[in-house]
Amino acid sequence: MPIILDHQLQEQIPHDSSTFPITFYCDELADLPNHAGPMHWHPYFEIATAQSNVLDFQVGQTHTILEPGDSIFVNQNMLHGIRQLSGLEPDPLPNIVFSGTVVAPENSPIYQKYIRPILACNTLPFIVFRHDNDLWQEVLQRIHTAYRAMQEQSDCYELAVQRSICCILEAIFRNLDSLPKSDASRVQLNTQIRLQKMLSYIYENYAGKITLSDIAGAAHISRSEAGRCFQSYLGCSPVEALINYRLQTARRLLHETTLTLQEISFSCGFHSVNYFSRQFRKRYGYSPRKIRIG
């Protein structure tokens, strides 16, 4: 299942929170160019596992290397993205996205006592569970139990998943004071908010004419400050991020529609088919016509 984002980079999670607020994903990297996922966020917890390759998991400005067998817990509302660093075949990258209400209702004493302190901890954007760390062996077992139960969905699988999630969150809560904390400052938090606003503007207006001033104006900052925000999180300029998103959208349209190259080019903000083709080849290593021929 592909990563689907709304105009605010919030991932659209298909689970029904009124029934069972947890969703299982696998093999997402196979559908992503260069086995790299876009920066996005959602108001849920996420747990992901590197299964067979080395992965670069970015949370905020921090890049964490996951070796095969390592898992990562990402707190709610954190910008994060993934990139595979080794192996020709895409890593399966099993992961679950879930609400704390899978344990107890939000207004319950249990949620307020055990879940709220985790999601409200701004200095805990993520936790890495290393496969060779004895402290997290039971957590890792519970993670895989949850994956298996979500994938197989045999009788009473919801109870098995809930038990695993409870044990994982209990381990995090018990170790909350001793876990390494991020020194994220108010400035860094503001930078993330600004970046979200600017990326949202790009996602909403990519089809039209956009200038660097337009992108910076979405966050009410200068063009130079906009450039620093993008470089610190994405390693590119605002204009490069705009072009990349236009190309990602064009690539999806090439696969999913019968629109002509000219129609796709114009609908994605490129007003020259030749320029669009050059940028597409530069980004993906082949021409857009190859998708249609293939």
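At what angle do helix α1 and helix α3 pack, and how far apart are their axes? In this predicted model, α1 (residues 109-119) and α3 (residues 157-174) pack at an angle of about 70°, and their axes lie 10 Å apart. Angles of 65 to 115 degrees count as roughly perpendicular, so α1 is roughly perpendicular to α3.

**The helix contact**

From α1, the contact draws on Lys113, Tyr114, Ile115, Pro117 and Ile118. Leu169, Ile172 and Phe173 meet them from α3. By class, the residues of this contact are seven nonpolar, one charged and no polar.

**The sheet**

Five strands form an open sheet. Their order is β1-β7-β2-β5-β8, and the pairing is antiparallel. Strands β1 (22-25) and β8 (126-129) stand at the edges. Each has a single partner strand, so one side of each is left without a neighbour in the sheet. On average, neighbouring strands are turned by 15° against each other, direction ignored.

Within the sheet, β2 (residues 45-49) pairs with β5 (residues 71-74). Four bridges join them in the antiparallel sense.

Strand β7 includes Val97. Is Val97 buried or exposed? Its relative accessibility is 0%, so Val97 counts as buried. Phe45 lies 52 residues from Val97 in sequence. In space, the two are 5.8 Å apart, C-alpha to C-alpha.

**Cysteines**

How many disulfides does the structure hold? The count is zero. A disulfide needs two cysteine sulfur atoms within 2.5 Å. Two cysteines show how the distances compare with that cut-off.

| Cysteine | Closest cysteine sulfur | Sulfur distance |
|---|---|---|
| Cys121 | Cys166 | 20 Å |
| Cys268 | Cys236 | 18 Å |

The sulfur of Cys121 is too far from that of Cys166 for a bond. The sulfur of Cys268 is likewise too far from that of Cys236. Burial can be given for Cys121 and Cys268 too. Cys121 has 15% relative accessibility and so counts as buried. Cys268 is buried, with a relative accessible area of 0%.

Technical notes. Residues are numbered from 1 along each chain as its sequence is written. This is a predicted model: local features need pLDDT of at least 70, side-chain atom pairs count only at pLDDT 80 or more; totals for chains, interfaces and linings use all residues. Side-chain values use heavy atoms; hydrogens and water are left out. Two strands pair if DSSP finds at least two bridges between them. Helices (H or I, at least four residues) and strands (E, at least two) are DSSP runs, numbered from the N terminus. Axes are lines fitted to C-alpha atoms, for helices over the stretch in contact, and angles run from 0 to 180 degrees between N-to-C directions. Angles under 35 degrees count as roughly parallel, over 145 as roughly antiparallel, 65 to 115 as roughly perpendicular and the rest as oblique. Contact means heavy atoms within 4.5 Å. Ala, Val, Leu, Ile, Met, Phe, Trp, Tyr, Cys and Pro count as nonpolar, Asp, Glu, Lys and Arg as charged, and the others, Gly among them, as polar. Buried means under 20% relative accessible area, exposed over 50%, partly exposed in between (1.4 Å probe, protein chains only).
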